[in-house]
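Reader: Before I use this model in my own calculations, could you take me carefully through its strands, sheets and domains?

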Amino acid sequence: MARTTQNLQLYNTLTREKARFKPLDPAHIRLYVCGPTVYDFAHIGNARPVIVFDVLYRLLSHLFGREHVTYVRNITDVDDKINARALRDFPDLPLNAAIAKVTKTTADQFHADVAALGCLEPTHEPRATDNIQQMQDMIAALIAKGHAYEAEGEVLFDTASMADYGALSKRNLDEQQAGARIEVEAHKRNAADFVLWKGSSETEPGWESPWGRGRPGWHIECSAMSNRYLWDAVADQLSDDAKAHAHEFDIHGGGLDLIFPHHENEIAQSRCAHDAGAMARVWMHNGFLQVEGEKMSKSLGNFITINELLATDKFGGRKWPGEVLRLAMLMTHYREPIDFSVRKLEEASNILERWYQLAGKALPERDADWENEIVDQALSNDLNTPDAIRRLSTLADAVRDQPEAAGRFKQVANLLGFLTQTKSEWDAAKRADVTLSDDEILAQIAARHAARQAKDWAEGDRIRDELLKMGIQLKDAKNPETGEIETTWEVKR
Ligand SMILES: [Zn+2]
């Protein structure tokens with residue numbers, strides 16, 4: 001093990017308390033995060049959990065060793081939204097081929113997007129459609145144990161069969177009953193009962209099952225996939241202590257909006273199918289995201305995909321490097337709501353510019369004190385990334401006065417997934433929307449110089465302003481030896 005883990009404190013939605021993280025088996029840390037439903041481009045709200053739990057994965061890897069952490073993030077590739085999108089976008093293809101096209105294109109885009117945000121790949125990325133048998137096994141177990149029943153072509157979870165159903169969201173079953181529209185769902189025993197399996201028509205995707213040709217409900221996907229990769233695949237390697245907590249794993253993460261019903265129902269399925277005391281020990285949820293002070297929605301016209309931020313000028317009139325998005329996201333603590341804004345991106349861009357200038361070309365070298373400060377004081381305090389970023393900026397001040405520390409600074413910034421590029425890659429990413437080549441810029445500078453020599457100040461200013469419009473800022477400085485004015489340029493953004 002890399003170092004002591006006594007200090008890692010995590011807030012647990014289940015207990016509503018921050019507590020010391022005690023892994024079931026420190027040699028096998030197990031983390032599950034709900035992944036995307038692949039029917040549309042991921043928006044910046046979807047980016048938040050991916051970035052937040054990437055930091056957690058990096059932290060756990062730092063504390064326990066990468067080879068001791070298993071991180072599973074699924075892909076939901078069976079969903080009615082996917083069917084609808086397939087019919088809309090590819091009406092001439094057979095449904096299965098159309099669905100395959102939608103899910104492949106969307107999943108590929110998602111991978112490209114999150115890679116640009118500096119997120120590591122999870123250990124496993126299972127797809128729902130590769131785990132249908134595991135879901136059916138789990139549903140069969142739930143029926144056999146009296147926790148599920150068939151009604152009108154569906155299999156439903158019987159929420160009344162679980163004494164403490166609702167413990168995560170602290171919802172009371174009676175309250176839920178009172179508010180429900182019983183009349184439209186007469187086949188349910190309780191209003192809160194939810195679908196495990198539903199019948200498919202000829203034109204819907206489906207799999208043969210003991211309950212007829214059909215498809216799984218969304219919640220059962222995560223229960224089946226987490227159990228497959230975080231229990232079945234590793235159970236025989238676990239410590240005796242961990243084996244005594246059969247089917248449990250350490251941490252389950254996702255957005256706040258998933259607490260109810262998704263995570264509540266995952267818990268109900270997993271615990272009841274396996275007679276387990278818990279599904280995950282710690283439940284972590286990231287807060288909501290707004291854009292410029294408003295809820296993001298297609299109708300308000302402020303709906304932004306990750307790809308639009310990276311590849312178009314739709315937000316703030318320019319493209320943004322993925323690392324800037326990452327920093328802007330982590331400047332707010334993961335449990336707080338975040339207000340995503342152009343101003344925040346500009347601030348993040350300026351911080352990174354300064355860090356890259358200081359980190360320079362120096363080779364990474366470790367500094368245990370700096371590392372411990374960032375890890376123990378900030379990240380281990382319930383993933384306090386804003387504190388870590390503040391501390392990094394203070395360390396940057398120290399680097400300014402002792403350039404030999406540049407490599408150490410870079411190393412410690414890497415802990416959060418920053419400064420992983422070279423300075424020239426960063427410059428290139430920053431000027432991705434500058435269309436001029438270096439030679440063209442130098443030619444413009446020469447033309448301006450000639451104009452000024454000829455005392456055509458207006459022409460000199462015009463060239464300067466033209467370049468500025470294209471994101472190139474000129475800086476004039478007198479060479480102390482020759483007394484001549486020399487002009488340098490940088491990407492202004
Ligand atoms: Zn899930």
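This is a predicted model: local features need pLDDT of at least 70, side-chain atom pairs count only at pLDDT 80 or more; totals for chains, interfaces and linings use all residues.

Author: Residues are numbered from 1 along each chain as its sequence is written.

Reader: How many helices and strands are there in the protein?

Author: Both kinds of element are DSSP runs, numbered from the N terminus, with helices being H or I of at least four residues and strands being E of at least two. Along its principal axes the C-alpha trace spans about 90 × 55 × 40 Å. Within it there are 17 helices and 15 strands.

Reader: How far apart do the C-alpha centres of domain 1 and domain 3 lie?

Author: The bounds, which come from an automatic or database domain assignment, divide the protein into domain 1 (9-286), domain 2 (289-430) and domain 3 (438-491). Between the C-alpha centres of domain 1 and domain 3 the separation is 58 Å.

Reader: Which strands stand at the edges of the open sheet with parallel pairing?

Author: Two strands pair if DSSP finds at least two bridges between them, and the sheet in question has four strands in the order 4-3-9-10. One side of each edge strand is left without a neighbour in the sheet, because each has a single partner strand, and these edges are strand 4 and strand 10 (280-286).

Reader: Why is strand 3 largely enclosed by the rest of the structure?

Author: A residue counts as buried if 20 or more other C-beta atoms lie within 10 Å of its own, as exposed if 12 or fewer do, and as partly exposed in between, with C-beta atoms placed from the backbone. Ile-29, Leu-31 and Val-33 point one way from strand 3 and Arg-30 and Tyr-32 the other way. Strand 3 (residues 29-33) is largely enclosed because the number of its five residues that are buried is five.

Reader: Which residue stands opposite Tyr-32 in strand 4?

Author: Strand 3 and strand 4 (residues 69-73) pair in the parallel sense over five bridges. In this pairing, the residue of strand 4 that stands opposite Tyr-32 is Val-72.

Reader: Which residue in strand 8 stands opposite Gly-199?

Author: Another open sheet of four strands has the order 5-6-7-8, with antiparallel pairing. Strand 7 (residues 194-199) and strand 8 pair over three bridges in the antiparallel sense. Standing opposite Gly-199 in strand 8 is Gly-214.
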